[in-house]
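Please open the structure in your viewer and keep the selection panel at hand. This tour goes from one selection to the next and says, at each stop, what there is to find.

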Number of protein chains: 2
Amino acid sequence: MTAPSWIAVDAMGGDKGLSVMLAGVAQARRRFEDFRFLLVGDEAAIREGLSAHPGLTANAEIVHAPDRVGAEDKPSQAIRRARTTSMGVAIDLVKQGRAAAAVSSGNTGAMMAMAKLALRTLPGIDRPALAAPLPTLGDNDVIMLDLGANTEVDARNLVQFAVMGAVYARAILDLETPRVALLNIGSEDQKGTDVIRDAAQTLRNATGLPMRFDGFVEGDRLSRGDVDVIVCDGFSGNIALKTAEGTARFVADLLKRAFSSSVRSKIGFLISRPATELLRHHLDPNVHNGAVFLGLNGIVVKSHGGATELGVATAISNAAKMVRADLTRRIAQDLATITPAEAA
Amino acid sequence: MTAPSWIAVDAMGGDKGLSVMLAGVAQARRRFEDFRFLLVGDEAAIREGLSAHPGLTANAEIVHAPDRVGAEDKPSQAIRRARTTSMGVAIDLVKQGRAAAAVSSGNTGAMMAMAKLALRTLPGIDRPALAAPLPTLGDNDVIMLDLGANTEVDARNLVQFAVMGAVYARAILDLETPRVALLNIGSEDQKGTDVIRDAAQTLRNATGLPMRFDGFVEGDRLSRGDVDVIVCDGFSGNIALKTAEGTARFVADLLKRAFSSSVRSKIGFLISRPATELLRHHLDPNVHNGAVFLGLNGIVVKSHGGATELGVATAISNAAKMVRADLTRRIAQDLATITPAEAA
């Protein structure tokens, strides 16, 4: 393994363009001064963009990639162009050991497929999962996975997701013994599908894992902050994540409507603006940006397509924390602990 | 079929006790003066409670049931006591034709099991589904089903849910041609599971149905108001519903925290109180209360366990609207339209 302090960034991914990506990297670099960056994409454009960021320029190298993955490209199309696209080259830098992590704001499906093909899954992992931190009322974010990589799963997959999620929570949230729960439609033991009940059984019996299995959690408790890792299949995870985003926006829209419904409420709104700004910050997806594909031989972080400078910086910071925590090795270690129990 | 204007109410179900149930029925009666009520439960207790509601007393009959279903009772236990429990007797009154609908705030699983056994599914329906109206930014609520009756479904089930949901939307929301969509993790045709793609194919090909099939909808668009019926399996439906409830409460809690963070914001809050009250009303689950088991030979409405007087009245009002709309017959009619296309 070469220097772990390099992060490869797909400079061409993201809806907001190269300059926002570079500004995000520059912001992350100021937070993590021991990291350096491989900026992947059109060399001339990146060089020009870098002129606004002397601090980053001194700590970055450009890796040229002539092509880019489009938002509408199918995974199969993207894979064929892996060697020429900025996303493909960024992932390949991780494979080569030149970078400890890759970050992209591009097409999720393409990224998943390319990362899986280039990096392969860890021994003991059947399928990688997409994990992300979500805001809660508690002191920490909650880690949720899978958020859409696997529409269908078996009990074995869920158990592996639980182990990976716990390691991730230990690394990112600095928790000694994360509380892990399975997303279900009731909290009683007999609730849900056979797959979920079987996974719960395995997790209840597993010993020696650095986590505490807390049983089932329902959708209304996702943001309560009373659990650290929530495990589910990619279909319901994606539904839950997007429903939460949509509902937060819905309530915010209703609030906006309510506040503009009369002069009196408009005045009230102006007075309490610092409070509502605080709320807006807390719910801003850019503050929680950076989903990671867990279970691969290497760290690959997916930033929102529409991430702002702050969003990009958050995603890269998460990648840096995972590198520092030696995430991949720790997942492999914890998986070795559970495999015997699970095989029984 | 006897007089359709009787609704059987399980007076003993619900966490808030008999007096709230009776107050809710009394409120609903004032809204629907052509309906009368069969109040099922402990005769002496109901008689005593009715003394506060002379208007209801004149339009109600008591049907004695010595026992009640507990919140923790398993469906199998409840079924064995169907003939003696207030919930079982209320459903049986629908079976006998003495009531056009039954309403209960009791145990959902028990209610589902008893209703299915007593009333049986409509011809052409393999499984009933739990449907409920949810708030949106649009002019109407959106009807979502299944919300938890079936953890696993096949394409045929989803198609039947779509037809039933459309009839329900026509009846309750007064829509001529409801827009129906399948809940999925992307809007493109190739997204999701085989089950969902197969159901979409059948719905795209179906003609003559009083609905418009709008393809897939993601979790973040549930409350946008751009679709009238959202169809899904009971697992993801329950996850989405509870996530939406939980997130709305989460945002409200954050808002409360933000508003009490300083004297300035407290003052702002007090001034804009009428606006936030409006919001609270809009999100109050009691305003949207009343899930119905669609697909049975009879109307069975599930009210929230914790429903207030308003909540109970809303659930009963929904039941009354379904009776007026002749819901069961219309579902049977529309199903007959789709069955040939679907069998092909």
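Begin by selecting chain A and colouring it in two parts: domain 1 covers 1-121 + 295-325, and domain 2 covers 126-294, with bounds that come from an automatic or database domain assignment. This is a predicted model, in which local features need pLDDT of at least 70 and side-chain atom pairs count only at pLDDT 80 or more, while totals for chains, interfaces and linings use all residues; side-chain values use heavy atoms, with hydrogens and water left out. To find your way, note that residues are numbered from 1 along each chain as its sequence is written, and that chains are lettered from A and ligands numbered from 1 in the order in which they are written.

**Between the two domains**

Where the domains meet, 24 residues of domain 1 of chain A are in contact with 22 residues of domain 2 of chain A, contact meaning heavy atoms within 4.5 Å. The size of an interface is often given as the accessible area lost when the parts come together. For domain 1 and domain 2 of chain A the buried area is about 1,800 Å², and carbon and sulfur atoms give 64% of this; buried area is the accessible area (1.4 Å probe) that two parts lose on being put together, summed over both.

Now select helix 6 (108-119), strand 11 (299-302) and helix 12 (309-324) of chain A, the elements that give two or more residues to the side of domain 1 that touches domain 2. Such helices (H or I, at least four residues) and strands (E, at least two) are DSSP runs, numbered from the N terminus. Helix 12 of chain A gives the largest share of that side, eight residues. By kind, the residues on the domain 1 side of chain A divide into twelve nonpolar, nine polar and three charged; here Ala, Val, Leu, Ile, Met, Phe, Trp, Tyr, Cys and Pro count as nonpolar, Asp, Glu, Lys and Arg as charged, and the others, Gly among them, as polar.

**Between the two chains**

What area is buried between chain A and chain B? The area is about 4,900 Å², of which carbon and sulfur atoms give 72%, and if you select A:Ile185, A:Phe235 and A:Phe250 you have the residues of chain A that lose the most area to chain B, together 14% of what that side buries. In this interface 55 residues of chain A are in contact with 55 residues of chain B.

Then look for charged pairs: across the interface of chain A and chain B there are four salt bridges, each a side-chain nitrogen of Lys or Arg within 4 Å of a carboxyl oxygen of Asp or Glu. A:Glu218 forms a salt bridge with B:Lys242, and the closest N and O atoms of this pair are 2.2 Å apart. To see which elements of chain A face chain B, select helix 9 (234-259), helix 10 (263-271) and helix 11 (273-283), each of which supplies at least two residues of the side that touches chain B. Helix 9 of chain A supplies the largest share of that side, 21 residues.

Return to chain A and select A:Asn150, in the loop between strand 6 (142-145) and helix 7 (155-172). A:Asn150 counts as buried because its relative accessibility is 5%, where buried means under 20% relative accessible area, exposed over 50%, and partly exposed in between (1.4 Å probe, protein chains only). A polar atom of the A:Asn150 side chain lies 2.9 Å from the backbone oxygen of A:Pro128.

Most residues other than glycine have a negative phi, and most peptide bonds are trans. With that in mind, select A:Leu145 and A:Asp146, which are joined by a cis peptide bond with omega about 0 degrees; A:Asp146 is in the loop between strand 6 and helix 7 of chain A. In chain B, a cis peptide bond likewise joins B:Leu145 and B:Asp146, with omega about 0 degrees.

Finish with A:Arg120, in the loop between helix 6 and strand 5 (129-134) of chain A, which has a positive phi of about 60 degrees although it is not a glycine. Is A:Arg120 buried or exposed? A:Arg120 is exposed, because its relative accessible area is 52%.

Conventions. A polar contact is a pair of N or O atoms within 3.5 Å; within protein, one must be able to donate a hydrogen and the other to accept it, and residues adjacent in sequence count only if both atoms are side-chain atoms.
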